[in-house]
Amino acid sequence: MQHRRKDRRRVLLPVGATAAAVAVALAGALLIKMKSEDGDDTDRNTSTAPPAVARADCAKQGKVPGSGSTAQQNAMKRWIKEYERSCPGVRIAYNPVGSGAGVNQFLLGGFTAFGGTDGALKPVDVEQSRAVCPGGRAIDLPMVGGPIAIGYNLPGVNGLVMDAPTLAKIFDSRITQWNDRAIQQLNPGVNLPNLSIKAVHRSDDSGTTQNLNAYLAGAAPAQWPYPAEKSWQGKGGSSADRSDGVVSEVTSSVGAIGYFELSFATARKIDTVRIDTGAAEPVEASTTTASAGIAAAEVIGKGKDLTLKFDYDTLAAGAYPIVLVTYEIVCDRGNDKEVLPALKSFLAYTASEEGQEILPEIHYAPLPENVAEQVRGVVATLS
């Protein structure tokens, strides 16, 4: 086992944006989707509708388009389903186009009411947001957490252990065989095959990528001298679009390894790596261990912004270090008055105790209650 570093580094996540033309096209598709789903509002209020389950303070009506992070797409599906059953006058549409496109669509103005991103806005993005938030600015509201699972396809090898330096070398194409000595030392007694490693990363700008970059930079800076950007920083490897694409590559290729949210790994029954953090036992990816990692984060945002800062080099027992929190990007002031009541109603539900407590059922980690309470307080003040 390799020795841990004594210095502990914290990394604040930045956010970038993708090409405006792509964002416009994707946002247009989202708005078309919302129109095509409208149908007759009367049908949504008949006695044959499913019984209400979410205790939400419903808006009477409204259409709320959002887009962005694929990390939260499964949580959004569940939240939207539960919310709309209780609030049939409101329609929510979320397009999982990736964090970079989601940020860009929001900053272009007029396309989405909220964006989803797995990293806090950059100062330049905040300044740009003043043009789409009259009298205000865009803020980051943490809403859902979870572990980034390192999934692999190696039949007969279960419970694989990795540490940050070894993962960094694998994803930077400096460890290329599964029976490499560094992997074997972390897995004594395991029969590792003499098989090439196929490391798969995201091809699109991704908050999931950004968080993995941040973890590797914070926990193994000597092996990963790259910035925490949304674009992939390592050398070599294979690429795929969105989390679904990485999952498909890993499941279809023996010897593959990739990264995605735990919900994807669980749904496809993909083996995931346990992380040697230097604690007494390697830590597996789970909602419980991710919550332990998120609970140690600090709120460092100013004003109504609730940006979090993580300790990626934690030695705490049972704390999974590769975590992300997805932020909903909204205007603190200057929101569309026609959309605002429904937007506030929906976000209040997702940050509520009920909205958060369903997350472990779908393999996400709820926000620490002190953070969720702050989010609910800010949502109530949006204007």
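**Notebook: backbone, contacts and rings**

I began with His-363, which counts as partly exposed because its relative accessible area is 28%. My cut-offs are under 20% for buried, over 50% for exposed, and partly exposed in between (1.4 Å probe, protein chains only). The model is predicted, so I took local features only at pLDDT of at least 70 and side-chain atom pairs only at pLDDT 80 or more, while totals for chains, interfaces and linings use all residues. Numbering runs from 1 along each chain as its sequence is written, and side-chain values use heavy atoms, with hydrogens and water left out.

**Positive phi**

I looked up the backbone of His-363. Its phi is near 70°, a positive value in a residue other than glycine. His-363 sits in the loop between α12 (353-357) and α13 (369-379). I take helices (H or I, at least four residues) and strands (E, at least two) as DSSP runs, numbered from the N terminus.

Arg-242 is another non-glycine residue with positive phi, near 65°. I found Arg-242 in helix α8 (residues 242-252). Arg-242 is partly exposed, because its relative accessibility is 27%.

**Whole chain**

I then noted the totals. The protein chain has 13 helices and 14 strands. Of its 383 residues, 57% count as buried. The chain exposes about 15,300 Å², and carbon and sulfur atoms supply 51% of that area. I got the areas from the Shrake-Rupley method with a 1.4 Å probe; for residues, only the protein chains shown count as cover. Among contacts (heavy atoms within 4.5 Å) between residues at least 6 apart in sequence, 78% join residues at least 24 apart.

**Helix α10**

Which residues of α10 (residues 287-295) are buried? I listed Thr-287, Thr-289, Ala-290, Gly-293 and Ile-294. Down the axis of α10 these fall within an arc of 165°, so they line one face of the helix. The arc uses directions from the helix axis to the C-beta atoms. Thr-288 and Ala-295 are exposed, on the face turned away from the buried side. I checked what the buried residues of α10 pack against: β5 (138-152), α9 (262-267), β13 (308-311) and β14 (323-331).

**Asp-305**

Asp-305 lies in the loop between β12 (298-299) and β13. Asp-305 counts as buried because its relative accessibility is 4%. I set aside neighbours within four places in sequence; Asp-305 is then in contact with Arg-137, Ile-139 and Asp-140. The side chains of Asp-305 and Arg-137 make a polar contact at 3.5 Å. That term needs N or O atoms within 3.5 Å, one able to donate a hydrogen and the other to accept it within protein; residues adjacent in sequence count only if both atoms are side-chain atoms.

**Aromatic pairs**

My search of the whole structure gave 11 aromatic pairs. Rings of Phe, Tyr and Trp (its six-membered ring) pair with centres within 6.5 Å; planes under 30 degrees apart are stacked, over 60 edge-to-face, the rest tilted.

Tyr-83 and Phe-346 are edge-to-face, because their ring centres are 5.4 Å apart and their planes at 75°. Tyr-83 is in α2 (residues 73-86) and Phe-346 in α11 (residues 340-350), so the pair ties together parts 263 residues apart in sequence. Both are buried.

Trp-232 and Tyr-259 are stacked, because their centres are 5.6 Å apart and their planes at 20°. I placed Trp-232 in the loop between α7 (207-219) and β8 (238-240), and Tyr-259 in strand β9 (residues 256-261), 27 residues apart. Trp-232 and Tyr-259 are buried.

Last, I noted one aromatic cluster: Tyr-83, Tyr-94, Phe-114, Phe-346 and Tyr-349.
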